[in-house]
Amino acid sequence: MNSKSCLNCGHSISDEFCAHCGQKADTARITPRSLIKNDILGSIWHVEAKFFQTIKEIFFRPGQTAMNYIAGKRIRYNSFIPLLLILFSFNVLGMHYYEKFAPPEIEDDYQIRNFLSKYSKTILFIIIPMLAVNAYFLFKRINLNIAEHFIIGTVSLLGILILFLLDDIVSLIGLWKPVSKIFDFIDKIIFGLSIIFPAITYWNAFKNSYSKPGLLWRISVFYVLLGVESMVVVSILYKIFY
């Protein structure tokens, strides 16, 4: 293969990409055709395809997705932290529109919903360290460090946010009376899935490293700890700010 110089850094290249700076070897003069095909359509397709592929992998194989990322197989996925912020923003938007179109609530329900809406970001982002620390001690055999457990916790929370977003959409459709009963039932199913999603994540991640009974009791203890910790955090926030 003929060697040529990289137009970006000047280093000699003989492959598809420059080994020094990473720029593509076939960089050429920009034409109207290349601008539309590569820079505009290509960029949009690359971002959207990667985004939806990551969402699909998290939803259907959350534990394996986290373990792949930890193992270094990262090019196929969007970075999880920016994705977390994007999904959280979508959830805030979905909740906003639900509150806009939903019928007025009684005062107690409104105060609870307003509290959860106002401090949901704090509550959700406290959940990740709780997931990571609990899993670190319960799944010691896997020999992952706390940062790697943080990644698994992030993937678990991403799955919950995906389900919450679906729930917002279902709730909005359910405001239409003729289909309200059907969508109320779907809403309950989605809520149940969001509760068990961390269990799905850790089962999917560690099913080949523990026996089923061993994994089951660890996940059960994991949920007890998470439930107690969540109640303490919510109680503290509620007492401080309400």
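This is a predicted model: local features need pLDDT of at least 70, side-chain atom pairs count only at pLDDT 80 or more; totals for chains, interfaces and linings use all residues.

Residues are numbered from 1 along each chain as its sequence is written, and side-chain values use heavy atoms, without hydrogens and water.

**Fold.** The protein chain has 7 helices and 2 strands. These are DSSP runs numbered from the N terminus: helices are H or I with at least four residues, strands E with at least two. From the N terminus, the order is β-β-α-α-α-α-α-α-α. Of the 242 residues, 35% are buried. Buried means under 20% relative accessible area, exposed over 50%, and partly exposed in between (1.4 Å probe, protein chains only).

**Core.** The largest nonpolar core holds 47 residues. Such a core is a set of buried Ala, Val, Leu, Ile, Met, Phe, Trp, Tyr and Cys residues joined through side-chain atoms within 4.5 Å. Phe80, Leu87, Phe139, Tyr202 and Phe206 have the most contacts inside it. Helix 5 gives the largest share, 11 residues. Beyond its neighbours within four places in sequence, Phe206 is in contact (heavy atoms within 4.5 Å) with Met67, Phe139, Ile142, Leu144, His149, Ile152 and Leu215.

**Helix 6.** Helix 6 bends by about 50 degrees at Ile196, and Pro198 follows within four residues. The bend is the angle between axes fitted to the seven residues ending there and the seven starting there. Buried residues of helix 6 include Phe197, Pro198, Tyr202 and Phe206.

**Aromatic pairs.** The whole structure contains 11 aromatic pairs. Rings of Phe, Tyr and Trp (its six-membered ring) pair if their centres lie within 6.5 Å; planes under 30 degrees apart are stacked, over 60 edge-to-face, and the rest tilted. Two pairs are listed here.

| Pair | Centre to centre | Angle of planes | Class |
|---|---|---|---|
| Phe59 and Phe60 | 5.1 Å | 85 degrees | edge-to-face |
| Phe139 and Phe206 | 4.8 Å | 45 degrees | tilted |

Phe139 is buried at 1% relative accessibility. Phe206 is buried too, at 0%. Phe59 is partly exposed at 28%, whereas Phe60 is exposed at 61%. Phe139, Tyr202, Phe206, Tyr210, Phe222 and Tyr223 form one aromatic cluster.
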